[in-house]
Amino acid sequence: MAAPSGFLAGTGAARAPAPDAAARTPAPDAADCAPAPDPADCTLSNDLGWALGVVFRGYVKATHEALADLPGGPRGYQVLAAAAGDGHGSQLALAQHLGVDRTVMTYLLDDLEAARLIERRPDPTDRRARRIVATPDGRSCLTRLDERLRAAEEQLLSGLDAGPDRQVFRTLLRRLALHASAGEPVRTACDAAADVARMSGPAGGPGDGAAGRPPPA
């Protein structure tokens, strides 16, 4: 077995270092001895904009994945949920409530109707109008989608301890959002995402009035 460092092989006697050994041995590099930086202490992670952007990006990605097989994605979900609630009846009222362009709403309803998730029914109070109603399949689909969205939210919040931490985070975030939107209300998460995209997109890019069929948010 090899002799332990600092001992003479075969004798067990301690080997004294040469008088000038310490002088000849280079001092360890300070960078090598320094502990690894804590990510929580870096300038970027302490930036509010960075933190909000990362969390929002994660939320948008998770919700789009959860709603990927629904016609219209998140916008389609909002239309289906409103149709199931039956609070805004007509196609025009629904478009106004959700802040969706009437042309885009027509495409959304066409796709949802083709998937047999909603129906356009004559409005008994106005022959020119059509009421948007969720079908039984649409209501069942909405229940499944709600379960997916809850699972996506829990995954996003998994960095917080379950229970009080998550509830406190939701409460504070809601309070902050209500304060921030007091002067400029935001109706839906899709509207918020569209606003962010417009503000961060390249200048002169295509807007809502681009030619062709505009994709829902």
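Q: Why is Glu113 called partly exposed?
A: Its relative accessibility is 32%, and partly exposed is the range between buried (under 20% relative accessible area) and exposed (over 50%), with a 1.4 Å probe and protein chains only. Glu113 therefore counts as partly exposed.

Q: What should I keep in mind about the model itself?
A: It is a predicted model, in which local features need pLDDT of at least 70 and side-chain atom pairs count only at pLDDT 80 or more, while totals for chains, interfaces and linings use all residues. Residues are numbered from 1 along each chain as its sequence is written, and side-chain values use heavy atoms, with hydrogens and water left out.

Q: Are Asp110 and Arg120 buried, exposed or partly exposed, and why?
A: Asp110 has 36% relative accessibility, so it counts as partly exposed. Arg120 has a relative accessible area of 22%, so it is partly exposed too.

Q: How do you know what counts as a helix or a strand here?
A: Both are DSSP runs numbered from the N terminus: helices are H or I with at least four residues, and strands are E with at least two. The protein has nine helices and two strands, and from the N terminus on they run α-α-α-α-α-α-β-β-α-α-α.

Q: Why are E1 and E2 said to pair?
A: Two strands pair if DSSP finds at least two bridges between them. Strand E1 (residues 118-123) and strand E2 (residues 126-134) have six, in the antiparallel sense, so they pair. Asp123 has Asp126 in E2 as its bridge partner, and the hairpin formed by E1 and E2 has two residues between the strands.

Q: Why is Arg116 called exposed?
A: Its relative accessible area is 64%, so Arg116 lies above the exposed cut-off. Arg116 sits in the loop between H6 and E1.

Q: What makes the phi of Arg116 worth a look?
A: Most residues other than glycine have a negative phi. Arg116 is not a glycine, yet its phi is positive, about 65 degrees.

Q: How do you know which residues Gln91 touches?
A: Contact means heavy atoms within 4.5 Å. Not counting residues up to four places away in sequence, Gln91 touches Met105, Thr106, Leu109, Arg120, Arg130 and Ile132. Gln91 lies in helix H5, and its C-alpha atom is separated by 6.3 Å from that of Arg130, 39 residues apart along the chain.

Q: What makes a set of residues a nonpolar core?
A: The members are buried Ala, Val, Leu, Ile, Met, Phe, Trp, Tyr and Cys residues joined through side-chain atoms within 4.5 Å. The largest such core has 26 residues, of which Leu70, Val79, Leu80 and Met105 touch the most other members. Its largest share, six residues, comes from H4.

Q: Why can Leu156 belong to a nonpolar surface patch?
A: Patch residues have over 30% relative accessible area and no salt bridge, with like charges joined within 9 Å and nonpolar side chains (Val, Leu, Ile, Met, Phe, Trp, Tyr) within 5 Å. Leu156, in helix H7, has a relative accessible area of 32%, so Leu156 passes the area cut-off. The patch, about 470 Å², also includes Val55, Tyr59, Phe169, Leu173 and Leu176, and H8 gives the largest share, three residues.

Terms used: Areas by Shrake-Rupley, 256 points an atom, 1.4 Å probe, with all protein chains shown as cover. Salt bridge = Lys/Arg side-chain N within 4 Å of Asp/Glu carboxyl O.
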